Amino acid sequence: MAIVESRSRSEWQDLDRDHYLHPFTDYKELGKKKSRIITRADSVYIYDADGNQILDGLSGLWCVNVGYGRDELVEAAAKQLRELPYYNSFFQCAHPPSIELSCLLQEITQPQFNRAFYASSGSESIDTMIRMVRRYWELMDQPERQIIIARENAYHGSTIGGTSLGGMKLQRAQGGNAGTRASNISGQPYWFGSDRSLSPDEFGLQAARYLEQKIEEVGADKVAAFVGEPIQGAGGVIVPPQTYWPEIQRICDEHGILLVTDEVICGFGRLGEWFGADYYGVRPDLMTFAKGVTSGYLPLGGVMVGDRVSDVLIDKGGEFYHGYTYSGHPAACAVAIENIHIMQRENLIEYVRDDIGPYLQKKWQALSEHPIVGETRMVGLMGALELVQDKSTLQPFDKDDGVGAKCRDFLINNGLVMRAVGDTIVVAPPLILTHAQADQLIEKAWKCLDLTAQAVSK
Ligand SMILES: Cc1ncc(COP(=O)(O)O)c(C=O)c1O
């Protein structure tokens, strides 16, 4: 019997409340409301235990890029699990899937990337990156370069390293900075959230210069790296003005500090290029990745290590005392290989860049005509809209009214998952979205904006 059939929906809900501590959850609140039990998925849809079909406008958690129900990925995993379910790569051993994936990643990344290091999640990838960056500077005889600058409202995962690096105040308050005393935070390129007195392009330059100010404040000789998501995802899909990333590149180059793009969300086609760095035309020294590398079918993450860093680690480093039992897990790597092949066979990068991306972007932009929408933005298939109380002045709703959460609840109850980050509604559907599914997404979104507007006007 399939696990799902062994109990009723309400049994699952009760057992869930009693035994399962969920990530990022207010346990008391969930205990009262009860979880929605998701039982299966296909294409761009998930289904709950009551049989409701829900369009997954968030690709699981920004990860199911090639959509659900891909037998090719299931078969790749099953074949590898039969052949060699596990072996480590610690003791001078390797296996074909991890080597083959490293070659594929080298092919689809910028020329400075010739080597990959593997982990099982985005957070572990970030921890790996932190250790590599610091090790690099030790080996360069500049051990005082320890500070890694990230941004306000950035999300870089939930391990101690990720929490310490990330810029989300509430998260940092719960145990941040325990592990990486030397991280520091500069401002974010959030034009809508600014006073909007500058043009977006002027603001982009100003926001990049927050980094320069921070470097001057802490001393360039103490700064090891800057890390940023090409587009901040969990922070509310903060799309930086076009001037932002080139200026960040200039600042990093001028101060000799390493540039890291955290591609955990933006990588693997989300922006209509393989990586966010490609979209913005920057040349990072390291890229962290996870999620879309396997479309979420199995856990895998990693760091693409540019020659500047890997040459030093290899030539001068001796043993690098870092790694995970599941670094380069054979089944996860086999799924990643097939996942990348699917993206190549089906031209999904081009599809997002030239077809479904522009199609959805145009319709998404039309949502800005809705009376409670102050701004819309979207790159590739990653977008957001801002709910506002007064469209003419862009005055936000009172934070305590929880308007974003109300809208999110209307959405899921009407068969569409999108996430609320405060009063910002974010969207990132699977890259295989069809035009008809895009139309459906927009229709549902408009209807739920109406329902939200009615609810707040009462
Ligand atoms: C940009 C970014 N970095 C790191 C992470 C952490 O990844 P994981 O949840 O796989 O540890 C996330 C997760 O959403 C992310 O969005």
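This note goes through several local features of the structure, point by point.

1. On the basis of the model: this is a predicted model, in which local features need pLDDT of at least 70 and side-chain atom pairs count only at pLDDT 80 or more, while totals for chains, interfaces and linings use all residues. Residues are numbered from 1 along each chain as its sequence is written.

2. On strand S5: this strand covers residues 147-151, where helices (H or I, at least four residues) and strands (E, at least two) are DSSP runs numbered from the N terminus. Because 5 of its 5 residues are buried, S5 is largely enclosed by the rest of the structure; a residue is buried if 20 or more other C-beta atoms lie within 10 Å of its own, exposed if 12 or fewer, and partly exposed in between, with C-beta atoms placed from the backbone. In a regular strand the side chains alternate between the two faces of the sheet. In S5, Ile147, Ile149 and Arg151 point one way, and Ile148 and Ala150 point the other way.

3. On the partner of S5: strand S7 (residues 223-228) runs parallel to S5 and is joined to it by 3 bridges, two strands being paired if DSSP finds at least two bridges between them. Within this pairing, isoleucine 149 has phenylalanine 226 of S7 opposite it.

4. On the open sheet: its 4 strands follow the order S1-S2-S3-S14, with mixed pairing. Strand S1 (38-42) and strand S14 (416-417) are the edge strands, each of which pairs on one side only. Strand S3 (residues 53-56) and S14 run parallel and are joined by 2 bridges, with leucine 55 standing opposite leucine 416 in S14. Helix H16 lies across S3 and S14, and runs at about 100 degrees to S3.

5. On the packing of two helices: helix H14 (residues 348-366) and helix H16 (residues 435-457) pack at an angle of about 20 degrees, with their axes 10 Å apart; axes are lines fitted to C-alpha atoms, for helices over the stretch in contact, and angles run from 0 to 180 degrees between N-to-C directions. H14 and H16 are therefore roughly parallel to each other, since angles under 35 degrees count as roughly parallel, over 145 as roughly antiparallel, 65 to 115 as roughly perpendicular and the rest as oblique. At this packing, Ile356, Tyr359, Leu360 and Lys363 in H14 meet His435, Ala438 and Ile442 in H16.

6. On leucine 73: this residue lies in helix H4 (residues 71-83), and it counts as buried because it has 23 C-beta neighbours inside 10 Å. Leaving aside neighbours within four places in sequence, leucine 73 is in contact (C-beta atoms, placed from the backbone, within 7 Å) with Ser295, Tyr297, Val335, Glu338 and Asn339. Leucine 73 and threonine 294 are 221 residues apart in sequence, yet 8.5 Å apart in space, C-alpha to C-alpha.

7. Aspartate 141, although not a glycine, has a positive phi of about 60 degrees; it is found in the loop between helix H6 (122-139) and S5, and counts as exposed because it has 8 C-beta neighbours inside 10 Å. Leucine 394, although not a glycine, also has a positive phi of about 60 degrees. The loop that holds leucine 394 is between strand S12 (382-390) and strand S13 (395-396), and leucine 394 is partly exposed, with 13 other C-beta atoms within 10 Å.

Note on methods:
Two residues are in contact if their C-beta atoms, placed from the backbone, lie within 7 Å.
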